[in-house]
Amino acid sequence: MMTATLEEGKTKELALSNSTEKYLLLDASKVAKEDFFTYYSLNDVTAVVINNDEDHRYERIINHSNILLVSD
């Protein structure tokens, strides 16, 4: 998981590190995009909630995350 600024990334990393369960709400258009600072791994989240898109971009993260929930 990535963000544009170091400060925002450190804040999100701290929040996730202190959480029992970690959920990522992800817009499918963001899959495979890169940004400045990586603050967490998809393998360390409890679940990913992502919209179903016609290009099936969500399929690219299936092997990289623990659980994939697809919502319409």
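**Pocket, burial and salt bridges**

Reply: The largest pocket holds about 630 Å³ of space, a volume being the space filled by probe spheres set on grid points joined across faces, edges and corners. The closest of its 23 lining residues to the centre are Met-1, Met-2, Leu-26, Lys-30 and Lys-33. This is a predicted model, in which local features need pLDDT of at least 70 and side-chain atom pairs count only at pLDDT 80 or more, while totals for chains, interfaces and linings use all residues. Residues are numbered from 1 along each chain as its sequence is written, and side-chain values use heavy atoms, with hydrogens and water left out.

Me: What makes a set of points a pocket?

Reply: On a 1 Å grid over the protein atoms alone, a pocket is an open set with protein on both sides within 12 Å along at least five of seven lines; lining residues have an atom within 4 Å of a point.

Me: Why is Met-1 called buried?

Reply: Its relative accessible area is 16%, and buried means under 20% (exposed is over 50%, partly exposed in between; 1.4 Å probe, protein chains only), so Met-1 is buried. Met-1 touches residues including Leu-16, Phe-37 and Val-45, contact being heavy atoms within 4.5 Å.

Me: How do you know that Lys-12 forms a salt bridge with Glu-8?

Reply: The closest N and O atoms are 2.8 Å apart. A salt bridge needs a side-chain nitrogen of Lys or Arg within 4 Å of a carboxyl oxygen of Asp or Glu, so the Lys-12 and Glu-8 pair qualifies.

Terms used:
1 Å grid on protein atoms, 1.4 Å probe; cavity = no way out; pocket = protein on both sides within 12 Å on 5 of 7 lines; lining within 4 Å. Lists of a residue's contacts leave out its neighbours within four places in sequence.
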